[in-house]
Amino acid sequence: MYAWPSVSVPSLAGTPVPLQLRDTSRGDLAPVTPGETAGLYVCGITPYDATHLGHAATYVTFDLINRILRDNGHKVLYVQNVTDVDDPLFERAQRDGEDWRELGNEQTDLFRSDMEALRVIPPDHYVGATEAIDEVVEFIQKLFDNDAAYQISTDDDPDYQDVYFPVTATPHFGYESGYDADTMAHFFAERGGDPERIGKRHPLDALLWRQQRPGEPAWNSPWGAGRPGWHIECAAIALNRLGASFDIQGGGSDLIFPHHEFSAAHVEAATGCERMARHYVHTGMIALDGVKMSKSLGNLVFVSKLRAQGVHPSAIRLGIYAGHYAADRDWSDSVLAGAVARHRRWRDACAQPVGVPAAATVQKVRDALSHDLDTPRALALIDVWADETLRGLGDDTTAPATILALLDSLLGVH
């Protein structure tokens with residue numbers, strides 16, 4: 001599957017600052033310490049309704065991480081999936097009388113155009129679940145070989161033998177989320193799990209392969225025609241492109257459990273590695289005027305609609321940056337208006353023939369961003385430079401170009 005066009009990222013003068021990020025599994029900040037190449041896996045969309053601000057906030061956040069790692073001289077091997085075969089996609093297609101493949105392609109195209117407009121650096125590998133079926137089948141066989149998979153056929157479902165992953169397959173299951181049993185049970189049921197499925201060894205055991213039901217698409221496997229479970233898809237795609245252990249696995253906080261917990265456990269059970277990702281990084285949820293955005297409430301704000309209304313994509317990025325990436329935060333007309341005004345003020349300042357000397361601002365912004373992506377502080381620092389420049393306090397002819405390079409290189413703003 002192709003991604004979107006590449007983004008030119010200018011180099012930035014000065015001294016890079018090594019990145020520190022909050023790791024969900026540890027609960028605190030830890031330095032990101034890749035080798036020459038940093039491995040980054042970010043869970044992609046299920047293409048039935050793209051791209052709302054929750055999506056944008058996630059992918060802009062990991063784009064920021066990508067840019068900081070590059071500023072520190074690392075190559076970045078960035079992998080992202082597309083869950084182009086899943087129940088929500090089928091349900092939306094059936095509701096609207098569309099073919100699920102056509103709906104998925106249409107929404108993936110829209111996502112690509114939004115990412116391109118937001119100047120998000122594209123992944124090196126952009127992989128649809130339907131492209132990775134053979135990889136998933138091979139992966140599940142590894143799990144069977146390691147006694148980390150089993151089949152069940154139940155009295156109420158005698159024709160189907162689905163394949164499941166036991167939570168006992170790794171000795172440290174639960175380390176990624178740190179959730180207690182009750183919290184795991186709650187989120188497993190709420191986020192696509194099937195705790196009531198008869199025949200499972202444990203209510204939390206996760207689906208690896210679902211045998212074909214009437215009307216569903218299917219691919220061949222040793223366990224019958226069917227399709228992959230959700231978590232094994234990401235596990236296989238990540239393992240085959242980044243290896244058994246890599247630097248950062250990322251996504252929204254709603255993926256902490258069960259999705260990221262199980263994708264890590266699958267890789268660890270198949271390969272024997274102790275820890276799939278050295279950092280598990282998660283973005284907070286976005287609310288609209290104090291109410292959580294959701295499809296069911298019909299209060300999603302779509303990037304494409306904001307763009308159609310004439311909102312500059314950089315203003316969308318600045319609205320996202322106004323809050324800390326890990327916090328649940330609000331989007332509103334006032335947030336958008338503030339971002340639009342800030343973008344206009346910065347552009348006006350950068351259009352001046354002279355400005356306040358900018359080297360110190362660049363270094364302070366680097367410090368802020370490298371400390372767990374402190375974008376509110378970074379924006380405030382640039383605000384000070386812009387305000388002082390617009391007041392005529394500087395006479396440095398190189399300063400406006402220096403700030404333009406900073407905005408472009410690190411923040412993806414132009």
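Guide: Gly199 is partly exposed, with a relative accessible area of 45%; buried means under 20%, exposed over 50%, and partly exposed in between, using a 1.4 Å probe and protein chains only. This is a predicted model, in which local features need pLDDT of at least 70 and side-chain atom pairs count only at pLDDT 80 or more, while totals for chains, interfaces and linings use all residues. Residues are numbered from 1 along each chain as its sequence is written, and side-chain values use heavy atoms, with hydrogens and water left out.

Visitor: In which loop does Gly199 lie?

Guide: Helices (H or I, at least four residues) and strands (E, at least two) are DSSP runs, numbered from the N terminus. On that basis, Gly199 lies in the loop between helix H5 (181–190) and strand E8 (206–211).

Visitor: How far apart in space are Gly199 and Gly298, C-alpha to C-alpha?

Guide: In sequence, Gly199 and Gly298 are separated by 99 residues. In space, their C-alpha atoms are separated by 37 Å.

Visitor: What area is buried between domain 1 and domain 2?

Guide: The domain assignment, automatic or from a database, gives domain 1 (20–297) and domain 2 (311–411). Contact, meaning heavy atoms within 4.5 Å, takes 32 residues from domain 1 and 25 residues from domain 2. Buried area is the accessible area (1.4 Å probe) that two parts lose on being put together, summed over both. Carbon and sulfur atoms give 57% of the area between these domains, which is about 2400 Å².

Visitor: How many salt bridges are counted between domain 1 and domain 2?

Guide: A salt bridge is a side-chain nitrogen of Lys or Arg within 4 Å of a carboxyl oxygen of Asp or Glu. The side chains of Arg366 and Asp71 form a salt bridge, at 2.8 Å from N to O. Between domain 1 and domain 2, the count of salt bridges is 3.
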